[in-house]
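This briefing goes through one protein model by topic. Please have the sequence and the structure open while reading.

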Amino acid sequence: MMVERRRDRRSTPPPVAHRGLRTCVGCRQRADRSQLLRVAAIVEDGAWRVVPNERGRHPGRGAWLHPSADCLDQAVRRRALQRALPVPRDSAVLDVEALRDSCVPAA
């Protein structure tokens with residue numbers, strides 16, 4: 001009769017470290033969080049602004065975006081930032097000019 005041996009735990013490779021994948025709200029492609037820019041909505045002088053949030057210091061929910069002008073334009077056109085960020089539905093216009101400075105111009 002054969003005795004089944006337990007598999008030695010040291011012979012199995014270590015688990016792969018979990019990488020933080022996020023989805024760009026502009027192009028809807030998944031990428032590593034190091035390749036995306038986190039953005040947040042803040043109220044400034046009664047108007048909602050979308051600002052870059054590189055260090056994650058702004059409270060609340062954020063959205064992820066490739067730092068390119070193409071993805072920003074797609075997100076604005078599709079109104080994806082309004083859906084992804086916790087802004088009131090009656091605020092039809094979000095100021096995204098602060099994001100344009102953080103984005104690479106379109107080719």
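Buried means under 20% relative accessible area, exposed means over 50%, and partly exposed lies in between (1.4 Å probe, protein chains only). By that scale Cys71 is buried, with a relative accessible area of 8%. The model is predicted, so local features need pLDDT of at least 70 and side-chain atom pairs count only at pLDDT 80 or more, while totals for chains, interfaces and linings use all residues. Residues are numbered from 1 along each chain as its sequence is written, and side-chain values use heavy atoms, with hydrogens and water left out.

**Cysteines**

- The structure holds 0 disulfides, a disulfide being a pair of cysteine sulfur atoms within 2.5 Å.
- Cys27 is in no disulfide, and its nearest cysteine sulfur, that of Cys71, is 3.7 Å away.
- Cys71 is likewise in no disulfide, with the sulfur of Cys27 as its nearest cysteine sulfur.
- Cys27 is partly exposed, at a relative accessible area of 24%.

**Sheet**

- Helices (H or I, at least four residues) and strands (E, at least two) are DSSP runs, numbered from the N terminus.
- An open sheet is formed by 3 strands in the order 4-3-5, with antiparallel pairing; two strands pair if DSSP finds at least two bridges between them.
- Strand 4 (47-52) and strand 5 (63-65) stand at the edges with a single partner strand each, so one side of each has no neighbour in the sheet.
- On average, neighbouring strands of this sheet are turned by 40 degrees against each other, direction ignored; axes are lines fitted to C-alpha atoms, for helices over the stretch in contact, and angles run from 0 to 180 degrees between N-to-C directions.
- Strand 3 (residues 37-44) pairs with strand 5 in the antiparallel sense over 3 bridges.
- Leu37 has Leu65 in strand 5 as its bridge partner.

**Nonpolar core**

- A nonpolar core is a set of buried Ala, Val, Leu, Ile, Met, Phe, Trp, Tyr and Cys residues joined through side-chain atoms within 4.5 Å.
- The largest such core has 23 residues, and those with the most contacts inside it include Val25, Leu65 and Leu81.
- At least two residues of this core come from each of strand 3, strand 5, helix 1 (69-78) and helix 2 (80-84).
- Leaving aside neighbours within four places in sequence, Leu81 is in contact (heavy atoms within 4.5 Å) with Val25, Val39, Leu72, Ala75, Leu94 and Val96.

**Gln35**

- Gln35 is found in the loop between strand 2 (30-32) and strand 3.
- Not counting residues up to four places away in sequence, Gln35 touches His66 and Pro67.
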